Amino acid sequence: MRTSPRTYDTVSILLHWTVGLGILLLAGTELLRHEFPKGHFIREGLKPFHQPLGTLLFGLILLRIMWRLTLARVPGDPDASPFARLAAHVMHAALYALMLA
């Protein structure tokens with residue numbers, strides 16, 4: 001995969017947007033599901049999608065993390081201060097932890 005030193009490769013971008021949209025879709029369907037009373041056909045109809053979508057999303061998140069750790073390292077801004085670099089690393093770790101939570 002061709003990338004310049006300061007850009008992400010196509011796989012990283014695809015995983016980023018797929019995981020992001022998947023999180024929004026999963027959260028949206030769950031929030032919508034809870035708008036209906038127990039036993040309502042819409043609430044019960046959305047239930048079977050939650051677990052398989054969650055499992056698929058979890059697998060994509062793990063794939064994204066493995067891809068990032070092994071192949072998709074983009075160097076940070078060389079002009080950034082040490083504090084800014086540390087803050088970026090901490091925030092990335094926090095976001096990945098939230099995706100796994």
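Analyst: In this predicted model, the secondary structure of the chain consists of 3 helices and 0 strands, and along the sequence the pattern reads α-α-α. The radius of gyration is 18 Å, whereas the globule rule gives 13 Å for 101 residues; the former is well over the latter, so the chain is more spread out than a compact globule. Along the principal axes, the C-alpha atoms fill a box of roughly 55 × 30 × 15 Å.

Of the 101 residues, 19% are buried.

The largest nonpolar core has 7 residues in all: V19, L26, L57, I61, I65, Y96 and M99. At least two residues of this core come from each of helix 1, helix 2 (41-70) and helix 3 (82-100). Helix 2 provides the largest share, with 3 residues. Leaving aside residues up to four places away in sequence, L57 touches V19, G22, I23 and L26.

R33 is found in helix 1, which spans residues 10-33. Is R33 buried or exposed? R33 has a relative accessible area of 11%, and because the cut-off for burial is under 20%, R33 counts as buried. Beyond residues up to four places away in sequence, R33 touches R43, L46 and K47.

I13 is also found in helix 1. With a relative accessible area of 42%, I13 is partly exposed, since that class lies between the 20% and 50% limits. I13 and F36 are 23 residues apart in sequence, and their C-alpha atoms are 36 Å apart in space.

As for charge, the chain carries 10 positive and 6 negative side chains. The centres of these two sets lie 5 Å apart.

Conventions. Residues numbered from 1 in each chain as written. Predicted model: local features only at pLDDT ≥ 70, side-chain atom pairs only at ≥ 80, totals over all residues. Heavy atoms only, no water. Helix = DSSP H or I, 4+ residues; strand = E, 2+ residues; numbered from the N terminus. Rg over C-alpha atoms; globule rule 2.2 N^0.38 Å. Buried < 20%, exposed > 50% of the residue type's maximum accessible area, 1.4 Å probe, protein only. Lys, Arg positive; Asp, Glu negative; His and termini not counted. Charge placed at Lys NZ, Arg CZ, Asp CG, Glu CD. Contact = heavy atoms within 4.5 Å. Core = buried A, V, L, I, M, F, W, Y, C linked by side-chain atoms within 4.5 Å.
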